[in-house]
Amino acid sequence: MQRRWLSAAAILASFSLVVACTPAPAGGGGTDKGEIFIASNFPTSGADRASGRGPEAGVAYAVQLTPNIKGFKITHKPYDDSVNGVHDPQKGAQNFADMVGIANLLGVVGPFNSNTNECLTQTFSYCDPQPAALRPTGKNNYFRIAAPDTVQGPAMADFAVDTLKATKIAIWSDNETFGKGVADNFGKEVVKKGGTVVVRQDFDWKTTNDFRPFLQRAKDAGAQAIYAGATSATHGCIPRAQMKSIFTTDIPYLGPDGIGTSDCITDAGDNANANLYFTNAAAEAAQDSGNAALIADFKSKFTAKEDLAAYTFPGYDCAKILLDAISRAIDTAGGKMPTREQVVAAVQATKSLKLSTGTYSFDNNGDPTSATMAFYQYQTAAKDWVFVKQFSVGG
């Protein structure tokens with residue numbers, strides 16, 4: 001996510017593996033050939049559950065609809081990468097080490113944080129490590145359908161300057177890979193568009209609960225909006241509540257997909273209003289009328305509050321891409337259990353697959369040749385986030 005993919009946007013593993021996109025054809029016959037696992041890896045407990053449960057539910061639903069492929073039973077194996085309620089990279093690494101040891105686990109949807117980081121797939125001078133270092137075999141095993149942070153940060157900057165007419169903006173981040181990265185990209189675009197970053201500060205979110213000194217500096221510098229490079233779990237919306245004693249309530253508070261949760265609304269308190277916005281690095285499935293029956297069926301089967309969120313259907317699409325690739329890899333293997341390498345090759349070969357959030361193909365880096373960025377706004381009447389608009393990125 002992050003986060004990012006999704007941020008449900010990615011599939012990866014320390015072995016050969018991939019992301020997901022179109023519905024895989026259900027196999028004919030039974031499940032006499034054996035069992036194939038696909039995993040998910042998201043933060044699904046504590047404060048981060050509001051971010052991670054949606055894409056996890058999307059993966060579970062995809063497997064529920066495709067319980068077998070060409071004689072193989074398909075089983076979803078979910079992993080939680082949160083510790084004490086917050087996403088944890090070491091826990092994520094432990095999870096993937098466990099997955100690698102399961103021979104018939106052929107793919108993973110996840111992680112959420114920070115699958116949208118540009119340095120996972122794109123080469124920039126500031127990337128450390130460079131993408132090539134993440135692929136020592138020279139072959140890509142990481143794919144995502146989410147737009148990278150080089151798109152998400154600038155997209156909100158464009159919205160802030162062009163639509164909200166805010167040209168003086170204060171920026172803070174949680175100093176994590178996702179939060180700092182998206183905040184930096186936001187700030188670069190603000191300056192590029194002729195705006196001014198009046199205050200820029202990174203915080204240790206684990207020890208910071210009082211953002212009022214930062215907010216006062218922003219007010220004194222004439223800030224017309226605040227951007228938070230953070231997630232709800234890293235205190236992304238606590239400053240929104242604290243703004244009320246310093247700013248008038250019409251000052252926009254902006255952030256990436258990490259704050260697009262019910263927890264953010266709770267943390268913003270009575271300062272949750274129509275001037276609260278976030279970007280999502282994938283499309284809103286409900287904007288395609290053709291998804292109406294799919295969404296209704298999902299809601300009838302997954303009824304918990306956290307099940308349906310911004311990355312639920314991107315997670316579903318990723319699982320479907322993986323299932324489709326497994327189906328084609330079985331053919332390549334002559335009807336037998338495919339190798340992970342064969343599944344990776346099949347994902348890479350995914351072309352123009354129509355899913356709930358878009359039609360996907362992958363470039364050689366594992367990025368989608370066309371992605372979508374969506375904007376959401378809190379609305380007091382709905383007491384929830386409401387879709388505003390979306391636009392395509394790339395081919």
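## Disulfides in the chain

A disulfide is a covalent bond between the sulfur atoms of two cysteines. In this predicted model, where a pair of cysteine sulfur atoms within 2.5 Å is taken as a disulfide, the count comes to two. When the bonded cysteines are counted along the chain, the disulfides follow the pattern 1-2, 3-4.

## The link of Cys119 and Cys127

One of the disulfides joins Cys119 to Cys127, and the sulfur atoms of this pair are 2.0 Å apart. The link of Cys119 and Cys127 is left-handed, with -80° about the S-S bond.

As for the accessibility of these two cysteines, Cys119 has a relative accessible area of 10% and is therefore buried, because buried means under 20% relative accessible area. Cys127 is buried as well, its relative accessible area being 5%.

## The link of Cys237 and Cys264

Another disulfide is formed by Cys237 and Cys264, whose sulfur atoms lie 1.8 Å apart. The torsion about the S-S bond of this pair is about -75°, so the disulfide of Cys237 and Cys264 is left-handed. Cys237 is found in the loop between β11 (225–229) and α6 (238–242), while Cys264 belongs to helix α7 (residues 262–268), so the pair ties together parts of the protein that are 27 residues apart in sequence.

Cys237 counts as buried, because its relative accessibility is 0%, and Cys264 is likewise buried, with a relative accessible area of 0%.

## A further cysteine

Cys318 can be described in terms of its accessibility: with a relative accessible area of 0%, Cys318 is buried.

Ala274 has a relative accessibility of 36% and so counts as partly exposed, since partly exposed covers values in between the limits of 20% for buried and 50% for exposed.

Which residues does Ala274 touch, not counting residues up to four places away in sequence? On that basis, Ala274 touches Gln377 and Tyr378. Between Ala274 and Gly229, by comparison, the separation is 45 residues in sequence and 19 Å in space, taken from C-alpha to C-alpha.

Key
Residues are numbered from 1 along each chain as its sequence is written. This is a predicted model: local features need pLDDT of at least 70, side-chain atom pairs count only at pLDDT 80 or more; totals for chains, interfaces and linings use all residues. Side-chain values use heavy atoms; hydrogens and water are left out. Buried means under 20% relative accessible area, exposed over 50%, partly exposed in between (1.4 Å probe, protein chains only). Helices (H or I, at least four residues) and strands (E, at least two) are DSSP runs, numbered from the N terminus. Contact means heavy atoms within 4.5 Å.
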